[in-house]
Amino acid sequence: MRKILASAVGLAILLLYLAASFTSGVGSRPAQEVSLSSETGECLECHELYTPGIVADWRTSLHARTTPDAAMTKDSLARRVSAESVPEKLRGTAVGCYECHGLNPDAHKDGFEHEGYKISVVISPKDCATCHPQEEREYGGGKKAHALDNLRKNPVYDLLVEDATSVKHVSERCGIAAASATAASKGAACYACHGTEVGVEGMKTVEAYDGTEMQVPALTNWPNQGVGRINPDGALGACTACHPRHSFSIEVARKPYTCLQCHLNPDVPGWEVFRESKHGNILMSLQTEWEWKNVPWVPGSDFKAPSCAACHSSLLVNTDREVLAQRTHDFGARLYVRLFGVIYSHPQPTSGATHMIVNADGLPLATSFDGRPAAEYLIDGKEAEQRRQTLISVCRACHGTSWAQGHFQQLEAVIADTDAAVLAATRMMQYAWENGLADNKHPFDEALEKKWVAQWLFYANSVRYAAAMSGPDYAAFKNGWWHLTDTLQQMREAIKLKEGLKK
Amino acid sequence: MRKILASAVGLAILLLYLAASFTSGVGSRPAQEVSLSSETGECLECHELYTPGIVADWRTSLHARTTPDAAMTKDSLARRVSAESVPEKLRGTAVGCYECHGLNPDAHKDGFEHEGYKISVVISPKDCATCHPQEEREYGGGKKAHALDNLRKNPVYDLLVEDATSVKHVSERCGIAAASATAASKGAACYACHGTEVGVEGMKTVEAYDGTEMQVPALTNWPNQGVGRINPDGALGACTACHPRHSFSIEVARKPYTCLQCHLNPDVPGWEVFRESKHGNILMSLQTEWEWKNVPWVPGSDFKAPSCAACHSSLLVNTDREVLAQRTHDFGARLYVRLFGVIYSHPQPTSGATHMIVNADGLPLATSFDGRPAAEYLIDGKEAEQRRQTLISVCRACHGTSWAQGHFQQLEAVIADTDAAVLAATRMMQYAWENGLADNKHPFDEALEKKWVAQWLFYANSVRYAAAMSGPDYAAFKNGWWHLTDTLQQMREAIKLKEGLKK
Amino acid sequence: MRKILASAVGLAILLLYLAASFTSGVGSRPAQEVSLSSETGECLECHELYTPGIVADWRTSLHARTTPDAAMTKDSLARRVSAESVPEKLRGTAVGCYECHGLNPDAHKDGFEHEGYKISVVISPKDCATCHPQEEREYGGGKKAHALDNLRKNPVYDLLVEDATSVKHVSERCGIAAASATAASKGAACYACHGTEVGVEGMKTVEAYDGTEMQVPALTNWPNQGVGRINPDGALGACTACHPRHSFSIEVARKPYTCLQCHLNPDVPGWEVFRESKHGNILMSLQTEWEWKNVPWVPGSDFKAPSCAACHSSLLVNTDREVLAQRTHDFGARLYVRLFGVIYSHPQPTSGATHMIVNADGLPLATSFDGRPAAEYLIDGKEAEQRRQTLISVCRACHGTSWAQGHFQQLEAVIADTDAAVLAATRMMQYAWENGLADNKHPFDEALEKKWVAQWLFYANSVRYAAAMSGPDYAAFKNGWWHLTDTLQQMREAIKLKEGLKK
């Protein structure tokens, strides 16, 4: 009799648990509570009401549901804290408000006194490195961390940015004069992805939710979540660019919607090409049935088609837990060729700080104007082949060797064709410069020059992306081969008209 | 013993209920049946078979699962019927076929006798106002309800519509002559979103599903679901533009896929900018886990990132049920600046009937050709500041005050830059008109004029939308700053060629 | 007492079953195991580890969970094996690796010896026809199966392909010379959708997963999954273009993400127009709640808005299981008008091999240069009307007769307008050719000619698609009427400049 009762009670508990799982909302509290630090407890007392969205989001995070001590007991494949040791004070509680916003107070120009605590506003990769040092190291070595200086310290790129985003004034005689681009327009455009340099200009008074006044740091170029943000503590990058606050979800970062914030047509059409590929089709059709949070991640059983993260970043294992690809937060680390050509494709650079490159023309570009690579700043053939094999081994989880090899051979042939298409437009541009039909003192500002820029920055890149990820339309009609040919003919036509008028 | 049995039976019932919840399909009948009117019951007898999709969709609606009487017992925050009283006859039954299609028979030019009942085809906001008068009132005061007349009664806009959508004939000597645009092409293009004027031209015979003949009203400019549709009863608007028939789902209306039907690049790139924003990323990554039907709606616990509706329309409360923003069906009511510039940005108009505006040039546009606002038709600074604070209070559910303020400061600086970019192109256009290089009798029909139109209608708008919702690419390369500069240079080039030929 | 125990045990089993259903992952094994052939069992022994993604995907397929014998017991509406009989050897086991890759060994140029078995790499529609002959027959009669020859055997289309995808060389005097397009660039662009001709050039050595060497066929133009792929066994098409390997899911094929791989703007904007339509809105808002696998498929109760498949392919029945539309794998079979105009719209062709058409100009195009249809190759008015009624009967599951009729009347009026817009541009192009302003020896290669091509290939098509599926923006500003008018004005402007220079 007792057994029956026990069974019934057990069933009831199981039922209630199941019911709870189905009805638990987005912001529900975790099943197992972990203890909070007293500081975080105090933060929550006010912020639960004042910024309820932040708190609700954080409550669904792994940070809120585990402790560094518990996280460090995981085996090496499942472990997500890469630090060998974590400061004593942080180990036993959830990673809450104060655990992050109270870190490294002396390094933070944006630190301030808030309700008795010294906290800072902008958490940087250096702060996250307290528990995740390997991720910070990898990220810091890649192009993303250096994305701001790679634009503004490279005079060629900086000229492109300034020319595009500056307000122009038109004179009575119809001349065009450009003002300097404003911080706001650069911040909304190029620097929205590349990152701004966030500064601190003293303190300012804001009105809090309850109407009281409060002193907070007056930040400049803020808000910004670009991948190369330069933070008030001097650290490079923003982990929140891909792991949005305050759940810092691995699921969100693994979904293509994260990458698409910046990897968009016309210059880097990662998302659009993916979406029109077979991989994109399968992902969009079946994504709600997949396991997006498993670590390590198993192609086939966890997901049926790779998202961006699967090929470029995540730790992948096969069903026997043999590693197919190691995790990396340097998103260029698995790549051998850089599709993004300024102005031609080339082997990946060895350092993420591409503004340090010097090519045969003396410019910080990976190839010279006639296509010679700045070899000493780029990976060599051996490294390239090794990375190529890493990529192929990812493909082979779901494709035969012959398929995977064929794919890369096709890609390489298409890349060569697109480089030839860029060369053709470049020769035409040179003809115009040499014959006084355009002025190369500023190589990007005239209508004809902008057609030439579009040839390499939009159309050649699009065809290469399309070939790399098997998206058909971006190789054909949508910023693809159609445009490579059309633009060349348009340039020819414009040159003919200019020559005709000159006579 | 009896208790055990009772427990077991209770468990079984719970199980069956759970099982039923999981297996119930899209069109399943509701758990609690509410009674139907006899008229609706009769409708269903045939239409269950003849238009099964309509009936199945309606069955999943709240209309089918509750009664006005029950709906009116909800507390003020949860209540969705805004009428203080509902006609006696409608109170006690589900809101079925006849309850809507049988309303206001005398007002409906599209009314007709059908199987013994007088019903009408096109349900209008006036009909919906029987239970939802506040929604109809708010909607009727906004720009959407007036969207058709705002186009056709504004001669500037009407010229744009006619020039774009009319068939052209090319003469033997290569001249272009435009015919009048057809109702069909205007209806498929501009009026698809803005709405058509639906007319009734007598009755016509159609063959019903079972082969019998039937007399129905012969409607013109039909079908159409534009936001400013003028209905046969004279009422303005179509609730079904956002709440599609016949489930009239709040979930669908709250999802961005509804707004994207019309708010698309190149002129009003709301969807594309949202999609490439952090908000869009989070929504697309996690949307299937959110509570889309809760009223009121709680940021953080119901959803983690706002859809269009959250910022522009829905009733939002915090976790203490304190109101963050009141519901409104005037979708401009929370906005202080109108990004959509014809030809410059400006404060929001005070009335949704923008064709009534008269600016300094005597035209129905909110700014003059040189940028002076038609102030008496626009909200004043005090109202603007109040709306700005409403928006900030929505942001502050998930963002600190400093973040939210910084966002709007950046936006305002970018808006100023885009207005300057429009001014530059406008000065160039004026130069062309004044020097006989273009003819401003029709200001939109020549190739050069169309470049100028693109500058304000596509590119300046795109940059402003991008800055307003933090989507990077539409501020940069995708119809953004790149194009603002490129178009100006193209205009300069075209003017130079025309001048050169003239000499 | 025993009964109570039995009930409790029953409940527990039910609970465990429910729990199992909820926790079973993407690649979980089926609940009911069916027996595998010994050959397939042997395949799996290695491939479970070597290509785990393929095996995990296949395990979720219907092929893995049923046998042809069981499949053939279904009633005619639910049955998915269309063969009247299936070879004895295949009937009793799951459809595994060997059941497909071991088929028709003598027909396969890509057959090879692999671990003691003769298998082939590229499974063709002829192989699938073993169980699905009706699907193969329908598909083979349509345009998709002939998509490669329809391009390369039609000299007009072939010229377009070659001109667009070939590398150009620019001479010192700024002339343009085109090389032949490479197989790789054609394969990444046009042929990615249309299909390549897959060849076999002997055998090659690849390194298998475990490091051993292995001989496999050396395939050319591989990988490719275009709809008109010509396979090594000579069969036309790739079932995997829409049913991706190795789950061959009906759910994936029914979702619009499959069709969007190729039906994209600017030439055939099926996806973009659908997405901005009411149907697209409803599907994207509610798709996760729908029944995507039911056969037959019931509008209203299985889904609330049609995907591409619902209107163009799937077997649809009403709630009484009365057939609304028969299944077809000829995706043009329900259509009466061909929107895709080269250069005008026209009735659907009677045969999928459109390169066999001869028009009044002697060219393999469905209309002559001045718009006369090549009637003997196109369906007649009676067939057109019958197909129009089939489409309307699909609409009427959710729309009244008057609505559905009005829709098609509007569409037909818009089509007439777009054909007139193409005629206008064509007359202008003729003017340029006749007056020596362009050279029609190659009608597509000059800048002016490309504007003319864009008029019919991009803008007229877009407006027609938009009118057909009620997407507003592609009729208006996005490659729509705005562009039809703008392009005509740009052509006029270019002609004026050329004439001016000539004088």
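Modeller: One definition first: a residue is buried under 20% relative accessible area, exposed over 50%, and partly exposed in between. Glu48(C), at 29% relative accessibility, therefore counts as partly exposed. Please keep in mind that this is a predicted model.

Colleague: What makes Arg59(C) count as buried or exposed?

Modeller: The relative accessibility of Arg59(C) is 10%, so Arg59(C) counts as buried. The cut-off for buried is under 20%.

Colleague: Why is the pair of Glu48(C) and Arg59(C) called a salt bridge?

Modeller: The rule asks for a side-chain nitrogen of Lys or Arg within 4 Å of a carboxyl oxygen of Asp or Glu. In the pair of Glu48(C) and Arg59(C), the closest N and O atoms are 2.7 Å apart, and the pair forms a salt bridge.

Colleague: What makes Lys293(B) and Glu251(B) a salt bridge?

Modeller: The closest N and O atoms of Lys293(B) and Glu251(B) are 3.9 Å apart, and the limit is within 4 Å. This pair links distant parts of the chain, 42 residues apart: Lys293(B) sits in the loop between α17 and α18 (308-312) of chain B, and Glu251(B) in helix α14 (residues 250-254) of chain B. With a relative accessible area of 7%, Glu251(B) is buried.

Colleague: How do you know that Asp149(A) and Arg152(A) are separated by about one helical turn?

Modeller: They are three residues apart in helix α10 (residues 147-152) of chain A, and that spacing is about one helical turn. Asp149(A) and Arg152(A) also form a salt bridge, with the closest N and O atoms 2.9 Å apart.

Colleague: Which of the classes, buried or partly exposed, do these two residues fall into?

Modeller: Asp149(A) has 14% relative accessibility and counts as buried. Arg152(A) has 30% and counts as partly exposed.

Colleague: What makes a network around Asp149(A)?

Modeller: Salt bridges that share partners join Asp149(A), Arg152(A), Lys153(A) and Glu197(A) into one network. Over all chains, the structure holds 51 salt bridges.

Colleague: What does chain A look like as a whole?

Modeller: Chain A has 22 helices and 10 strands. Its C-alpha atoms fill a box of roughly 105 × 60 × 40 Å along the principal axes. Of the 503 residues in chain A, 58% are buried. Among contacts in chain A between residues at least 6 apart in sequence, 57% join residues at least 24 apart.

Colleague: Why do you say that chains B and A meet through different surfaces?

Modeller: Only 11% of the interface residues of chain B are also interface residues in chain A, so the copies meet through different surfaces. For chain C and chain A the share is only 8%, and the conclusion is again different surfaces.

Colleague: What makes up the interface of chain B and chain A?

Modeller: In this interface, 70 residues of chain B are in contact with 84 residues of chain A. The buried area is about 6500 Å², and carbon and sulfur atoms give 65% of it. Lys278(B), Trp403(B) and Trp482(B) supply 11% of the area that chain B buries against chain A, more than any other three residues.

Colleague: How many salt bridges cross the interface of chain B and chain A?

Modeller: The rule finds two. Glu493(B) forms a salt bridge with Lys498(A), the closest N and O atoms being 2.5 Å apart. The limit is within 4 Å, so the pair qualifies.

Terms used: Residues are numbered from 1 along each chain as its sequence is written. Chains are lettered from A and ligands numbered from 1 in the order in which they are written. This is a predicted model: local features need pLDDT of at least 70, side-chain atom pairs count only at pLDDT 80 or more; totals for chains, interfaces and linings use all residues. Side-chain values use heavy atoms; hydrogens and water are left out. Contact means heavy atoms within 4.5 Å. Buried area is the accessible area (1.4 Å probe) that two parts lose on being put together, summed over both. Helices (H or I, at least four residues) and strands (E, at least two) are DSSP runs, numbered from the N terminus. Buried means under 20% relative accessible area, exposed over 50%, partly exposed in between (1.4 Å probe, protein chains only).
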